[in-house]
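Work through the exercises below with the model open. Try each task before you read its solution.

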Amino acid sequence: MDHFSLIDGVMHAEGVPLPRIAAEVGTPVYVYSRATLERHGQVFREALAPLGTNGQEPLIAFAVKSNPNLAVLRVLQRQGFGADVVSGGELMRALAAGMAPEKIVFSGVGKTDAELALGLDQGIGQFNIESREEGRELAALAAARGQSAPACLRVNPDVDAKTHAKISTGKAENKFGVPLMRARETFAELAALPGLNLRGVAIHIGSQLADLEPLETAFAKVGALVADLRAVGHTITHVDLGGGLGVPYRRGEVLPSPAEYGAMVARATKGWDVQLTFEPGRVIAGNAGVLLTRVIRVKRGGNGPPFVIVDAAMNDLARPALYGAWHDFEAVMPRGERMTANIVGPICETGDTFATDRDCDALVSGDLAVFRTAGAYGATMASSYNSRGFVAEVLVDGDRFAVVADRLDAAAIMDAERVPEWLA
Ligand SMILES: *Cc1c(COP(=O)(O)O)cnc(C)c1O
């Protein structure tokens, strides 16, 4: 459920008509709905709450990479969320949004020494170690500071998440985690190091998962590993089950609900007796945002449908170009007529295509439209390709809104560049 709907024929975000945002902020612009974020956060939390231990709810660490905007993080922080971060920059954002350090989990295969040190300095709650090499480095850094870094070992369960190859992370050939067959020896080696408090395991098998079965298979492997590790004397108190739950991108599409996910997790983790952590991103933020755009012009096609050229492009929303992803495309003030169109941006690449042969609301030059389900992996993947500048972001709350990220135009970006003296 989201809060983007037609009121008297005009699409609103909660109580704000989108044409008002377009007039005041310009287009393209990402528009997020606070009520939608909060609702998704609450639904997810309620689905997992029964899995708490010792009167403590599981830790829900929002995957910052899905939407790192400070205002978005703040909404979730106020709901008690922690953060799953994958870089020093994301760690700084989570802290700036007020996330408690002990609710921050640091994931990622390529954490540098500087990033590991930052995590130690800030006293974050958990490092998810992705290799024996990283574990040794973290142990040495922590020991040198007289610290013991709380950590889980990320394992690669070798399951096919049945999602797009570029966002599958739990197959043996993917770069993430330690292969299960080496998990026991790696765990034993790292657990013995002063400087590490290795207390559990972590997995994350991929994103936009439309099927719970691969997750359940992976969780079963984790359960077996936990039992094996305990059998040889390790103390396992924490398991991090990652994120990955998918969201509907097309009207009418049905995906597993957080409640179904929660029921599956309850089944799969029965008797584990650990503190669970979850790292949802897309399922919280995806449907809480749209990309608002204006039609520049409609150009007659060659031998196919017309091209609806919008002022958003692949630099603003990369998913269609990167993954062939589908985003529903709707007029802000639909007239009731339909057309079949190729929906494209202005960038000089054929890849700058949002949709081909798409049945959509009839549009003419100057009309406003939205790409739906753009709240996750949207603005955060933006670039300034073609010197288009960085897209602005707005957060709506009831009948008010605020610009939560300025548009960085071509001039602002040029300001960071210099022609060296010797070329003057
Ligand atoms: C990307 C990522 C997530 C979030 O994935 P979603 O599909 O957005 O839920 C969680 N954990 C890790 C380690 C990730 O890399």
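## Ground rules and a cysteine

Cys 360 has 1% relative accessibility, so Cys 360 counts as buried. Buried means under 20% relative accessible area, exposed means over 50%, and partly exposed lies in between (1.4 Å probe, protein chains only). The model is predicted: local features need pLDDT of at least 70, side-chain atom pairs count only at pLDDT 80 or more, and totals for chains, interfaces and linings use all residues. Residues are numbered from 1 along each chain as its sequence is written, and side-chain values use heavy atoms, with hydrogens and water left out.

## Exercise 1. Cysteines

Task: Is Cys 152 buried or exposed, and how many disulfides are there?

Solution. 
- Take Cys 152. Its relative accessibility is 0%, so Cys 152 is buried.
- Apply the disulfide rule: a pair of cysteine sulfur atoms within 2.5 Å.
- The count by that rule is 0.

## Exercise 2. The strands around β19

Solution. 
- Helices (H or I, at least four residues) and strands (E, at least two) are DSSP runs, numbered from the N terminus. Two strands pair if DSSP finds at least two bridges between them.
- Glu 330 has Val 370 of β19 as its bridge partner.
- Now inspect the two faces of β19, residues 368-371. Leu 368 and Val 370 lie on one side, Ala 369 and Phe 371 on the other, and all are buried. In a regular strand the side chains alternate between the two faces of the sheet.

## Exercise 3. From β14 to β17

Task: Trace the pairing from β14 through β15 to β17.

Solution. 
- β14 pairs with β15, residues 307-310, antiparallel over 4 bridges. Arg 297 has Ile 309 of β15 as its bridge partner.
- β15 is joined to β17, residues 338-344, by 3 bridges, and these two run parallel. Here Ile 309 stands opposite Val 344 of β17.

## Exercise 4. An open sheet

Task: What is the strand order of the open sheet of 3 strands, and what is its pairing?

Solution. 
- The order is β1-β2-β3, with antiparallel pairing.
- β1 meets β2, residues 10-13, through 4 antiparallel bridges. Phe 4 has Ala 13 of β2 as its bridge partner.

## Exercise 5. The ligand

Task: How many residues surround the ligand, and which are the closest?

Solution. 
- The shell holds 15 residues; the closest are Lys 65, Ser 207, Glu 279, Arg 282 and Tyr 377. A residue is near a molecule or strand if one of its heavy atoms lies within 4 Å of it.
- Sort the shell. It has 3 nonpolar, 7 polar and 5 charged residues. Ala, Val, Leu, Ile, Met, Phe, Trp, Tyr, Cys and Pro count as nonpolar, Asp, Glu, Lys and Arg as charged, and the others, Gly among them, as polar.
- Check atom distances. A polar side-chain atom of Glu 279 is 2.6 Å from a ligand nitrogen. A polar backbone atom of Gly 281 is 2.9 Å from a ligand oxygen. An N or O atom in the Tyr 377 side chain is 2.6 Å from a ligand oxygen.
- Alone, the ligand exposes 390 Å², and the protein buries 94% of that. Areas use the Shrake-Rupley method with a 1.4 Å probe; for residues, only the protein chains shown count as cover.

Terms used:
A polar contact is a pair of N or O atoms within 3.5 Å; within protein, one must be able to donate a hydrogen and the other to accept it, and residues adjacent in sequence count only if both atoms are side-chain atoms.
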